[in-house]
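Please keep the sequence and the structure in view while reading.

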Amino acid sequence: MIDGYFHITKRGSTIGREVKAGVVTFLTMSYILIVNPQILGVAGLPVEAVAAATALTAALSSLLCGLLANMPVGVSPGMGVNAYFVFSQVLGHGVSINKALACCLTAAGVVVLLALGHALTVVLAIVPNSIKLAVVVGMGLLLSFIGLHTSGIVVPDARTMVAMGDPFALEPMLAIGGLALIAALHYRNVRGSIIIGVLVTAIGYYVATASWPTQFLALPRLQLFRPDFSELFTREHVNAGAWSSVLAYTLVIVFDIAGAVFGLGNLAGLLEGGHVPGAAFVYLSAAAGTAVGALTGTTPLIVAAESAVGIKEGGRTGLTALTVSGCFAASMFLSPFLKAIPQVATAPVLVLVGAMMMGECTHIDWSSMLSAVPAFLTIVIQPFTFSIANGIYAGLAMSLLLFLLTGQFLEVLPGLRHRKWVVGGSQGAPGDAGAADLEARLLLPAGSPRYHDGGRGGSVRSGSSSGMGTPRAGTPRAGTPRQGRGRQHGSAGAGGIPIGGSSTPRGGSGQLTPREVAASLVSSLGSLHGPGTSYERTSFDMYLNTRGSGGKRRPRSGSSTRPGSSGNHSLHGSEGFPEPH
């Protein structure tokens with residue numbers, strides 16, 4: 001029964017291997033039980049309650065992810081969004097905890113609507129890959145700065161704003177030693193290296209200060225909160241800043257899950273036609289945990305990059321996720337012990353996570369101003385202003401300015417006026433193209449690699465819906481200029497948005513509805529990025545020891561080179577991002 005439900009044998013695994021992979025995944029990501037309550041405790045949330053909420057939400061989301069999506073991943077509160085909650089919303093702008101939690105709950109609802117409405121593809125297509133990757137890097141720098149400040153290595157200075165603390169004081173020395181220990185254990189593939197480093201650092205602190213924890217186990221102390229929606233849905237008090245936070249949470253959830261699901265799915269060999277089966281349920285599982293977390297005192301949940309360790313151990317099905325869920329459920333009784341862990345013991349983790357997130361920099365095309373400048377602003381604005389939202393908006397604004405000032409928009413707008421259009425869908429019937437298409441009516445222009453006329457009224461070649469933007473043999477990629485033509489917009493899958501089936505051309509008029517124009521514009525923006533790889537989170541590479549230990553680096557799917565290495569630099573695009581099913 002278990003084998004049949006999770007397709008364990010079909011995916012080449014065993015029940016024992018799946019359980020082992022789940023335990024290893026939990027040990028690797030269990031540090032979140034210590035770090036998340038400590039970060040949120042700075043905002044005034046009760047540490048024991050947050051510890052219980054962290055375990056509860058991670059258990060719930062991982063359970064749903066295993067049962068519904070059948071993916072071998074763990075889900076837990078995201079690092080970065082918890083720092084944004086504390087240092088930008090609550091401490092930075094004086095937002096009450098209940099109002100900040102209302103933003104988290106609203107973001108969960110938005111993600112559910114996007115997933116059920118098949119609109120995640122649109123969001124991922126519009127935002128350039130460089131911005132998505134830069135958001136991760138910026139969050140890493142923000143977390144590292146918090147860790148260095150918490151440990152006393154970086155201190156405030158009236159003249160230079162920040163300065164070096166006393167590295168020979170107790171807490172800086174413990175933090176430096178803890179970071180070195182975790183990195184060394186990690187280098188040697190020691191399972192649970194992070195939690196071991198945290199515990200050793202904590203013991204060193206207890207010995208030096210002669211203060212030991214007196215209680216280790218207790219019943220979970222969950223606390224229910226009442227999110228305050230007054231600045232979100234009350235007409236008299238609607239606050240643009242509150243909706244800005246909702247948008248920031250939503251984008252981080254979508255970007256992070258999209259990249260992680262595709263990357264981890266590819267690592268586990270679960271891709272089918274360029275997609276990860278059940279990806280939509282991962283979004284819904286994370287949204288469910290986020291909603292419960294908003295009611296119990298924790299921040300939005302994402303797919304844990306540490307899941308790569310379990311996949312490395314052989315995890316291939318949702319049974320791995322169920323094992324992770326069970327471990328988190330059992331850990332709800334550890335709240336007193338987790339509360340006793342000193343902040344100096346968790347500071348090295350923040351720095352290490354920041355180092356791992358920096359790995360996404362290697363996939364940003366720094367040779368083109370169109371991607372480098374927006375990405376750089378996205379990265380540096382986050383730690384400099386203690387706000388993920390500010391970084392996202394700065395990068396998007398600069399992308400738009402460059403899109404206009406460099407004349408990139410001229411390559412999109414003329415195509416809307418001078419194309420012969422066809423509608424996705426068998427025999428031109430509406431809705432036959434499938435939910436993966438934009439509003440089930442994505443447009444494909446004449447002249448694209450999958451369009452053939454030949455004087456017979458035209459047809460669309462039934463192609464792969466992988467969304468990888470991979471052309472057939474001898475067919476130019478999307479964005480590759482043809483002789484005598486400009487760039488062929490919307491071709492080769494319209495920037496990673498799958499187009500399948502066959503269809504007939506529109507009846508002669510060539511007139512487009514507003515929705516069709518919008519769909520075409522989105523797909524054209526998606527194709528402007530030119531040849532490249534899929535949007536794939538690879539922060540978990542360090543968990544696989546593909547760097548650092550001299551191992552061969554895991555190649556990104558769909559390409560053996562860095563994005564943009566072909567020299568065709570563009571501003572927008574998201575080839576091959578995972579389409580939820």
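## Reading a pair of helices

An axis, in what follows, is a line fitted to C-alpha atoms, for helices over the stretch in contact, and the angle between two axes runs from 0 to 180 degrees between their N-to-C directions. The structure shown above is a predicted model. Two packed helices are described by the angle between their axes and the distance between the axes.

## Helices H2 and H15

Helix H2, covering residues 15–29, packs against helix H15, covering residues 318–330, at an angle of about 50°, and their axes are 7 Å apart. With that angle, H2 is oblique to H15.

Sorted by class, the contact of H2 with H15 contains ten nonpolar, four polar and one charged residues.

## Helices H8 and H18

The second pair consists of helix H8, residues 129–150, and helix H18, residues 369–385, whose axes come within 7 Å and cross at roughly 25°. H8 is therefore roughly parallel to H18, because angles under 35 degrees count as roughly parallel. The crossing of H8 and H18 is right-handed.

In H8 the contact is made by Ser130, Ile131, Ala134, Val135, Val137, Gly138, Met139, Leu141 and Leu142, and in H18 by Ser371, Pro374, Ala375, Thr378, Ile379, Gln382 and Pro383. The residues of this contact of H8 with H18 comprise eleven nonpolar, five polar and no charged.

## A hairpin of two strands

Strand E2, residues 154–157, and strand E3, residues 161–164, run antiparallel and are joined by four bridges. E2 and E3 form a hairpin, in which three residues lie between the two strands. Within this pairing, Pro156 stands opposite Val162 in E3.

When its neighbours within four places in sequence are left aside, Val198 is in contact with Ile34, Ile182, Ile341, Ala345 and Val349. The C-alpha atoms of Val198 and Pro348 are separated by 8.0 Å, although these two residues are 150 residues apart along the chain.

Technical notes: Residues are numbered from 1 along each chain as its sequence is written. This is a predicted model: local features need pLDDT of at least 70, side-chain atom pairs count only at pLDDT 80 or more; totals for chains, interfaces and linings use all residues. Side-chain values use heavy atoms; hydrogens and water are left out. Angles under 35 degrees count as roughly parallel, over 145 as roughly antiparallel, 65 to 115 as roughly perpendicular and the rest as oblique. A crossing is left-handed if the near helix is turned anticlockwise from the far one by less than a right angle, and right-handed if clockwise. Contact means heavy atoms within 4.5 Å. Ala, Val, Leu, Ile, Met, Phe, Trp, Tyr, Cys and Pro count as nonpolar, Asp, Glu, Lys and Arg as charged, and the others, Gly among them, as polar. Two strands pair if DSSP finds at least two bridges between them.
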